[in-house]
Amino acid sequence: MRPGLMVAVACCFLVGVVAAPSAAARDGELKVGYYDGKCRGVEGIVRLHVVRALAQDRRTGAALLRLIFHDCFVRGCDGSVLLDASDENPRPEKSAPVNIGLSAFDVLEEIKAAVEKRCPGVVSCADILVYAARDAGRILSDGRVDFDVPAGRLDGLVSSADEAQAEIPDPTLTLQQLIDNFARKNFTVEELVILSGAHSVGDGHCSSFAARLAAPPDQIAPAYRDLLNYKCSRGADPEVANNVRDEDLATVARFMPAFAGRVRAVSRLDNTYYLNNLDKVVNFNSDWQLLTGDEARGHVHEYADNGTLWDHDFADSLLKLSKLPMPAGSKGEIRNECSVVNRR
Ligand code: HEM
Ligand SMILES: *[C@@H]1O[C@H](CO)[C@@H](O)[C@H](O)[C@H]1NC(C)=O
Ligand SMILES: *[C@@H]1O[C@H](CO)[C@@H](O)[C@H](O)[C@H]1NC(C)=O
């Protein structure tokens, strides 16, 4: 038995399951600096690991940003997306088709292990995930997207693929379906547009937008369609960049020479998503759908015109996302490992 596992087992007798009063917050409300007196320096540990992980592979930043959305939209921000399949729960959120491509679980597990060493049984995986996503956003935006994270979340005990499939929007949805999906979590049309801007970074599998490759040219720029067809012909279900800027230069130069001049820092979190969208150079049907209604399209123009405004509003929307509560009456715990519920 690994020493870490022995500690983990010993922990189970000490750490109980808490019936969450509200919002799954341990002491009622989430609080900035929640761990100040409980695990000093925890945010520094998270930051160090995120900086290191992104230095090794900048794409990990996009993976962490996507995780905050996929965790918080299902049962609130409770780390339910982090749970692996087990005998008791063979179909956790991770196994939902809509969760295709989620990654960076290893980075979070590594951070959790480092935090457990410093203060065992104190810091939830749910809080670590939000800290790490915030840090990733700050790094990918060169510090322009940043916010203080209120903490005190608990890790949930439930994780269901069916629930994830029902709550996370699918890229084939129409604008109205996207609006309704976000409204169920109390997010506005404007916030739908703001948060979709996360697609200025990262990758997607060709299967996530295959149907769009047959869309008419007023929905997808023909040159970009050619680029995607070329990329997607190379492998079973390859991943391609969400942002044409992040595509390899030779491919961009071949299919879209006008865009080759726009290429800048890879994986930069910024408002290029809105500029690309207006040019019909985005991957997912759900991205393009934002142009099909007056209000949403107005916001696309607004953020295409003002990158600073998007930086601020995106930070605000991520903060709001991070406060989504667990269903009332849910039980929570501080997991020993992020991928498994504690043994009892
Ligand atoms: C509005 C509804 C949304 C839809 C329909 C949607 C859909 C998708 C899809 C299909 C992928 C590619 C998955 C794959 O094929 O591997 C993806 C990737 C991604 N999404 Fe979204 N998304 C939405 C909103 C968001 C939000 C709110 C965020 C974060 C705030 C986000 C962040 C990301 C990121 C960063 C990636 C790239 C992940 C990586 O490279 O590892 N998305 N999204
Ligand atoms: C949305 O707001 C309503 C009314 O304030 C509240 O009852 C509900 O719990 C909220 N839903 C979520 C998911 O936060
Ligand atoms: C862009 O938004 C920022 C932040 O809200 C604001 O201060 C600035 O005046 C805006 N710039 C323009 C050109 O509208």
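Okay, let's start at the ligand: the shell around ligand 1 is made of 13 nonpolar, nine polar and three charged residues.

Some housekeeping. This is a predicted model, with local features needing pLDDT of at least 70 and side-chain atom pairs counting only at pLDDT 80 or more, while totals for chains, interfaces and linings use all residues. Residues are numbered from 1 along each chain as its sequence is written, chains are lettered from A and ligands numbered from 1 in the order in which they are written, and side-chain values use heavy atoms, with hydrogens and water left out.

Back to the shell: 25 residues surround ligand 1, and the closest are H199, G202, D203, H205 and S208. Being in that shell takes a heavy atom within 4 Å of the ligand. An N or O atom in the side chain of S208 sits 2.6 Å from an oxygen atom of ligand 1, and one in the side chain of H199 is 2.9 Å from a nitrogen atom of the ligand. Helix 3 gives the most to this shell, five residues. Helices here are DSSP runs of H or I, at least four residues, numbered from the N terminus.

So where does ligand 1 lie? Domain 1 (31-168 + 322-333) and domain 2 (175-317) both give residues to its shell, so it lies between them. Those bounds come from an automatic or database domain assignment.

Now the two domains themselves. Their C-alpha centres lie 25 Å apart, and 20 residues of domain 1 are in contact with 20 of domain 2, contact being heavy atoms within 4.5 Å. Together they bury about 1,700 Å², 60% of it on carbon and sulfur atoms; that's the accessible area (1.4 Å probe) the two parts lose on being put together, summed over both. On the domain 1 side, F73, R144 and V145 lose the most area, together 32% of what that side buries.

Keep an eye on R144: it forms a salt bridge with D311, with the closest N and O atoms 3.0 Å apart.

Key: Salt bridge = Lys/Arg side-chain N within 4 Å of Asp/Glu carboxyl O. Polar contact = N/O pair within 3.5 Å; in protein donor to acceptor, adjacent residues only side chain to side chain. Helix = DSSP H or I, 4+ residues; strand = E, 2+ residues; numbered from the N terminus. Nonpolar A, V, L, I, M, F, W, Y, C, P; charged D, E, K, R; others polar.
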